[in-house]
Amino acid sequence: MNFGWRLVAIGTLVAGLFGILVLRLWYLQVTEVEASLEVAFEQRIRVVEIEAPRGDIFDNKGKELLAGTVATLRVVVDRKLIAFEEEEFLIQNLSALLAIPASEIRREFETRGPGGRFPLGDQITQSTGISVLENIEDFPGVTIEPVPFRIYPLLETAAHIVGYVGSPNDDDLERTDIDINDQVGKFGIEGSYDRLLRGTPGQIIYRVNAKGEILGVLEERPPKPGGSVITTIDLDVQRFVEDTLISGVLLARQEETARREEEQSARREEEQSIFRGAAVVIDVTDGSIIAMASVPAFDPSIFSDGRLSQDEWQGLAEKAVFNNFAIQGLFPPGSSFKVIVNALARQRRISPVLEAEYEEIVDQVADPTAFFSDGELLFPNTPPLNDWKDGGHGLVDLSESLAQSVNSYYWSIALRIWRQRDVDWPENLLQDFARRLSFGHRTGIDLPFEQPGLVPDREWFQFNQQNQTGLVRKEGGWSGGDLMNIATGQGALSVTPLQMAVAYAALVNGGTVWEPRVVDSVRDAENNLLFTNVPSAADKIDFRPGLVDELKADLNRVVNSETGTAKKAFEGFCDDDVPDDECAALQEVGGKTGTAEIRQATDRVEAIDTAWFVGAAPLSDPRWVVAVVIDQGGSGGRVAAPTARRIFQFLMGENPDPVRAGSESER
Amino acid sequence: MSQTISAQVQLRPQIERSRPDFVMIGIIAVLTALGLLMILSTSGPRLEAEGSVRASQMIRQSTFVVLGVVTFFVATILSDRQWRLLTPWVYAVTLALLALVLGIGELIGGAQRWIPLGLFNLQPSEVAKPAVILGLAALLAGAVEGQVKWSRIFKAFALVGVPAILIFLQPDLGTMLVFGFVTVVMLFAAGTDVRQIVILGLVAIAALIIAIEADLLAEYQVDRLTGFLSPGEQTLSINYNQIQSQIAIGGGGMFGQGLFEGTQTNLAFVPAQTTDFIFTAVAEQLGFAGAATVIALYSVLVLRLLIIASTARDRFGRLVASGMAAMIAFHVFVNIGMTVGLLPVTGLPLPFLSFGGSFYISTLFGLGVAHSIWIHRSRIPLGAVPGRAV
């Protein structure tokens with residue numbers, strides 16, 4: 001039976017081999033069935049993300065639309081559905097359809113990468129869309145879809161607050177909720193509230209075959225629209241402030257031109273420097289920004305279609321239209337800073353250092369704040385310091401020093417602080433007070449790119465001297481002279497208009513330093529609150545009783561006393577037939593002019609001072625602080641104060657007068 | 001000794017002896033029908049999408065089935081003795097066809113494996129499989145059990161080698177592997193000493209290594225083998241097929257997704273699903289239960305062939321039946337092993353199920369001869385009576 005065992009052996013071998021197959025099938029179909037089904041499912045589906053409509057941005061009443069989203073019919077290319085060899089054919093056809101050069105489309109294809117899905121070109125008409133669908137064999141992988149498109153109905157109005165959206169950069173792409181095809185908020189509220197505005201994208205899950213052809217819809221999850229932002233911006237005030245600021249900037253330009261003609265300046269018109277300005281209206285009771293303007297401005301819509309060319313962008317950027325000078329512009333505050341020093345002098349009862357020859361005169365008035373200005377302050381080893389008024393201001397007290405903006409008074413206060421340093425108070429008494437009032441650091445406003453500014457002190461000075469940054473002199477240490485510079489808002493001190501507004505607000509509201517805010521709340525599509533930006537105080541300063549009222553009275557003298565530097569600018573605040581002393585509204589306004597000297601001028605641009613006016617109203621129960629800065633505007637009393645006056649007139653229900661030149665103050 | 005044995009043997013009437021093997025025919029019928037269904041289910045959606053008749057590929061296979069059935073009966077009608085006499089002719093015709101296909105390939109300037117016959121394309125390499133089995137059976141029938149001389153073994157290799165070289169020139173790696181396996185099994189069945197087979201195995205391994213080193217194999221053939229050794233590399237398109245196949249089979253689960261319901265096969269994720277990967281469709285649609293049943297049917301078929309071998313009236317018959325058993329078993333193991341990811345892709349069709357005429361018809365031809373052997377089997381098992389050995 002030799003043959004028999006051989007057949008049995010063959011049979012056993014075959015049985016063994018088949019047994020292996022059965023075991024393997026058991027493993028695949030019974031043990032591992034879940035894993036296989038999952039992999040199989042993922043292969044059979046295709047997930048397409050649907051962009052969520054971006055949330056709207058409204059004014060403080062929730063009525064006027066500052067930024068919104070509309071659906072536009074667009075050509076959407078899905079490279080996953082295009083065979084490689086069809087791409088050139090498609091590009092040529094799209095180029096003809098959309099009138100975009102083929103090279104540009106090709107570049108777009110490359111940027112989006114293989115498998116990319118993206119809208120191409122501008123909005124198309126319904127009939128164009130239909131003709132594409134009728135000739136779909138010429139447009140493989142193309143769909144016609146409504147695509148969300150960002151609009152800014154108010155164009156340049158509040159542009160710096162609202163901001164704009166654009167394509168994501170590398171940093172944006174590190175966020176998990178952003179992909180290359182998304183639009184991302186870049187600036188303004190669009191930037192700082194991007195996460196709440198962008199919503200959650202939806203998904204359509206398609207069934208596909210092995211070639212990726214769509215067979216049907218498996219699941220559709222609609223996108224969740226982004227939240228709607230309610231700002232603190234009063235659009236009436238905003239529009240008015242913007243118009244007024246432009247008038248103010250134009251006034252400064254006229255003044256400048258006139259002055260040049262007078263001086264028969266050889267400079268030609270095109271060499272004129274660009275005029276910039278900013279204005280902030282803040283609610284002193286909670287830190288809300290009621291209006292915030294920056295000149296020059298831009299139309300945020302130019303970014304929405306992503307078609308702004310590099311050159312165009314460059315041109316606009318050189319004009320600094322994308323800078324919100326209210327929070328990004330750093331200016332020396334000039335005399336407008338004297339209010340801070342004034343408040344500190346009252347708080348700590350600091351009296352000015354007197355020149356020996358005037359001690360007798362001053363003693364007669366028995367006022368510890370009295371001071372005599374002869375126009376020149378003389379100290380050993382330094383050149384004489386001059387008041388802006390030739391011959392000086394004569395006998396002044398703390399109140400009058402503010403009305404007339406007496407430089408020598410504040411230098412003397414600084415000198416007192418310097419002399420008594422480490423005895424009665426720390427050396428940085430003034431700097432610390434300024435910092436508590438929000439200078440030298442970001443105020444924390446809910447907008448991107450805020451500048452911290454600088455409050456110089458010995459530490460800062462030494463650091464820069466040691467590191468030879470060129471910001472400070474090479475020889476000598478931090479001195480009393482440096483502190484005197486700060487007291488008059490000069491030197492290295494630099495502030496933003498917003499910091500100025502926040503500080504003044506704290507001085508008139510009794511000491512609350514608000515963290516300013518432009519957004520009040522964010523609500524979803526069903527009007528549920530997603531986020532409330534509760535007003536929050538960064539600091540609370542305990543002022544000596546009576547200090548705030550004294551200060552407010554001083555501020556009023558600036559605009560409403562014969563000697564006040566803004567007297568001329570505020571003349572006729574009420575209607576023409578009401579004299580100033582009977583104008584109730586004028587009693588309720590106060591503020592301070594500022595003219596900051598720009599020491600370093602480039603060869604091309606002549607040094608022109610920065611003009612300031614910061615004021616508050618109504619003084620009996622303060623609501624608003626208005627800060628106006630006009631870069632290279634010249635005198636604060638002449639240019640900035642009339643601009644602020646018009647804003648105050650509007651806020652207080654008076655008939656606004658055109659912006660006209662005030663008096664030349666403080667040179 | 002012989003007295004007692006013959007006394008034990010029950011003589012049966014002629015009519016009972018010549019009764020057809022209904023089990024084998026039944027299995028062939030069931031698997032053929034399943035094959036037609038699977039071809040319909042895998043080709044239907046694609047054909048419909050192309051605007052063709054849904055069943056057109058199945059209908060085409062049906063014509064092959066008709067030809068196959070005719071061939072089976074023709075092969076059955078002739079007796080095993082007649083087939084032994086015809087073997088040299090069958091072998092010669094096969095060699096002629098193999099040479100012809102090379103010539104045609106030469107003419108059209110490319111790899112050519114078939115001869116266009118109008119109704120279908122004849123693949124001589126498929127025809128060569130039963131022809132070689134017949135040839136080897138005829139050659140090895142003359143040997144004595146346990147004493148197969150090396151000279152006969154070398155003759156056997158020469159017999160297989162000539163068509164093998166012609167096929168290698170096509171080239172068709174799978175068929176060569178079939179030849180190798182069938183030759184070894186038939187040598188074993190013919191009574192070759194186990195030591196001889198071991199030596200042959202070692203020589204074969206050495207030859208394979210030399211072939212790869214000497215670049216005798218085409219690059220894609222080497223890729224298939226080496227790609228299989230690194231299955232994780234999805235990027236290799238050669239692995240893609242097998243990975244898709246395993247996903248589809250796995251998705252079948254215990255009882256399958258239902259006839260015509262296989263998602264992966266319907267959506268064309270699995271390539272070559274009417275031919276090499278047809279088993280994937282079976283496993284996805286009918287599940288483990290269906291797939292295991294199909295393997296069981298093949299097992300019974302192989303068992304039947306081995307029983308035919310054991311009851312054959314002469315050595316030629318038993319060697320033909322053993323050779324056919326080896327051929328069927330090897331095709332099934334290599335093809336299904338490929339679909340489940342156990343073996344590399346070699347392009348061997350699955351008997352009765354894969355779409356294709358040449359292999360179907362030549363398989364039925366070989367089985368027809370085996371069936372003829374069964375019809376003309378001996379009442380007394382071969383070797384039971386001394387001196388009956390031929």
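Visitor: How many salt bridges are counted between chain B and chain A?
Guide: In this predicted model, chain B and chain A bury about 3400 Å² between them, and 77% of that area lies on carbon and sulfur atoms. Polar contact is present as well, in 8 residue pairs with both residues at pLDDT 80 or more. For salt bridges between chain B and chain A, however, the count is 0.

Visitor: Which helix gives the most to the side of chain B that touches chain A?
Guide: The contact takes 45 residues from chain B and 32 residues from chain A. On the side of chain B that touches chain A, at least two residues each come from α8 (173–189), α11 (237–252), α12 (263–266), α13 (278–311) and α14 (315–339) of chain B. The element that gives the most, with 12 residues, is α13(B).

Visitor: What share of the residues of chain A counts as buried?
Guide: Chain A contains 24 helices and 23 strands. Among its contacts with a separation of 6 or more, residues 24 or more positions apart account for 69%. Of the 667 residues of chain A, the share that counts as buried is 53%.

Visitor: How many of the residues of strand β22 of chain A are buried?
Guide: Strand β22 of chain A spans residues 610–617 and is mostly covered. The number of buried residues is 8 of 8.

Visitor: Which residue stands opposite A:V614 of β22(A)?
Guide: Strand β21 of chain A, residues 590–596, pairs with β22(A) in the antiparallel sense, and the pairing extends over 7 bridges. Opposite A:V614 in β22(A) stands A:K592.

Visitor: Which residue in β23(A) is the bridge partner of A:G615?
Guide: Strand β23 of chain A, residues 624–631, runs antiparallel to β22(A) and is joined to β22(A) by 7 bridges. These two strands, β22(A) and β23(A), form a hairpin with 6 residues between them. In β23(A), the bridge partner of A:G615 is A:V626.

Visitor: Is the disulfide of A:C574 and A:C583 right-handed or left-handed?
Guide: The structure holds 1 disulfide over all chains, and it is formed by A:C574 and A:C583, whose sulfur atoms lie 1.9 Å apart. The torsion about the S-S bond of A:C574 and A:C583 is about 75°, and therefore the disulfide is right-handed.

Visitor: Are A:C574 and A:C583 buried or exposed?
Guide: A residue counts as buried when its relative accessible area is under 20%. The relative accessibility of A:C574 is 8%, so A:C574 counts as buried. With a relative accessibility of 0%, A:C583 likewise counts as buried.

Visitor: Why does A:Q328 count as buried?
Guide: A:Q328 has its place in helix α13 of chain A, residues 325–328. Not counting residues up to four places away in sequence, A:Q328 touches A:F187, A:F322, A:N323, A:F449 and A:Q451. The cut-off for buried is under 20% relative accessible area, and A:Q328 counts as buried because its relative accessibility is 18%.

Visitor: Which residue has the backbone nitrogen that the side chain of A:Q328 reaches?
Guide: The helix that holds A:Q328 is α13 of chain A. At 2.7 Å, the side chain of A:Q328 reaches the backbone nitrogen of A:N324.

Conventions:
Residues numbered from 1 in each chain as written. Chains lettered and ligands numbered in written order. Predicted model: local features only at pLDDT ≥ 70, side-chain atom pairs only at ≥ 80, totals over all residues. Heavy atoms only, no water. Buried < 20%, exposed > 50% of the residue type's maximum accessible area, 1.4 Å probe, protein only. Helix = DSSP H or I, 4+ residues; strand = E, 2+ residues; numbered from the N terminus. Pairing = 2+ DSSP bridges. Polar contact = N/O pair within 3.5 Å; in protein donor to acceptor, adjacent residues only side chain to side chain. Contact = heavy atoms within 4.5 Å. Disulfide = S-S within 2.5 Å. Buried area = accessible area lost by both parts, 1.4 Å probe. Salt bridge = Lys/Arg side-chain N within 4 Å of Asp/Glu carboxyl O.
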